[in-house]
Amino acid sequence: MSKLPFSQAAENNKEPILAVLHDTLVDSKTVLEIGSGTGQHAVWFAGHLPHLQWQPSEQQQNLESLNLRLDEEAPDNVLDAMVLDVADDPWAIEPMDAVFAANCVHIMSWGHVEKMFRGLDKVIAPGGFLILYGPYKYKGAFTSSSNAEFEQWLKGNDEVSGIRDFEKMDALANNIGLTLQKDHKMPSNNQCLVWQREKS
Ligand SMILES: C[S@@+](CC[C@H](N)C(=O)[O-])C[C@H]1O[C@@H](n2cnc3c(N)ncnc32)[C@H](O)[C@@H]1O
C-alpha cells in the first residue's frame, strides 16, 4: 500500500464540517470541491452523504498526490478528480448545486480569490450554495491570538497568502448574487461560511 497524503487539520475538522454539509446540502445533488488536497474530505463527506455526487479538484501539480488517496479510498459517488486552478477562465465544469472549499482562500493570493468568484459566478446554479471553511477576520480583527500567529506564519511562507476579511469575502459573494445564509462558528477559531444564490 502506498503512503497516502495526510493532513491532521483535515482529520480534526472533517466531523464538524460534515455536520454543516449534512444540514445544508439536504436537497443538493452535485458538489464541486476546490483544492481537495489530500482527498480526506472528499472521501469522508461523499461517504457520509451518499445522495451527493462529489467532484474533487486540484491544481495540476497536486493532482497526482490527491489521486493516491482517491484511487484507494473514494466511494462510488466521488467522480475522477479534475484539474482546476481558480484563475482558469472559464472553469471546465457545468453548473453545480454547491461549491465547497476548506482552508484555501488564505493560501491563494487575493487576486486569485477575486478570480475564484469570477469562476463561481458561472458555476453555482440558481439556489446553489458556496461553503467556505477556514479562519477569517471580522472588522479587521483576528478572532483569536492563535489566528494572528497563524497569519505571521502564513506570510513567512508566502507574502501573498493571509487570513481574509469576512466583509470583503461577503462583498465578492454579494456581487455574484450570493447571500450569506449562515456563519457557523467552528472549533479551533475557524468559521464555516454558507452563502446561497437566489432560486430564480
Ligand atoms: C491548506 S491546503 C487545503 C487542502 C484541503 N482543502 C484541506 O482542507 O485539507 C490549500 C489548498 O488550496 C489550493 N489552492 C491554492 N491556490 C489555488 C488556486 N489558485 N486554485 C485552486 N486551488 C488552489 C491548494 O492546491 C491546496 O489544495
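In the predicted model, an N or O atom in the side chain of glutamine 59 lies 3.0 Å from an oxygen atom of the ligand, a polar contact being a pair of N or O atoms within 3.5 Å. A polar side-chain atom of asparagine 62 is likewise placed 3.0 Å from an oxygen atom of the ligand, while a nitrogen atom of the ligand is 3.1 Å from an N or O atom in the side chain of aspartate 85. Of the 590 Å² that the ligand exposes when taken alone, the protein buries 85%, with accessible areas computed by the Shrake-Rupley method with a 1.4 Å probe.

The model is predicted, with local features requiring pLDDT of at least 70 and side-chain atom pairs pLDDT 80 or more, whereas totals for chains, interfaces and linings use all residues. Residues are numbered from 1 along each chain as its sequence is written, and side-chain values use heavy atoms, with hydrogens and water left out.

The ligand is surrounded by 16 residues, the closest being Gly35, Glu58, Gln59, Val86 and Ala102, where a residue counts if one of its heavy atoms lies within 4 Å of the molecule. By class, this shell comprises seven nonpolar, seven polar and two charged residues, with Asp, Glu, Lys and Arg counted as charged and Gly among the polar residues.

Aspartate 88 belongs to the loop between strand E4 (82-83) and strand E5 (96-102), strands being DSSP runs of at least two residues, numbered from the N terminus. With a relative accessible area of 30%, aspartate 88 is partly exposed, a class lying between buried (under 20%) and exposed (over 50%), for a 1.4 Å probe and protein chains only. The C-alpha atoms of aspartate 88 and valine 105 are separated by 16 Å, the two residues being 17 residues apart along the chain.

Notes:
Polar contact = N/O pair within 3.5 Å; in protein donor to acceptor, adjacent residues only side chain to side chain. Helix = DSSP H or I, 4+ residues; strand = E, 2+ residues; numbered from the N terminus.
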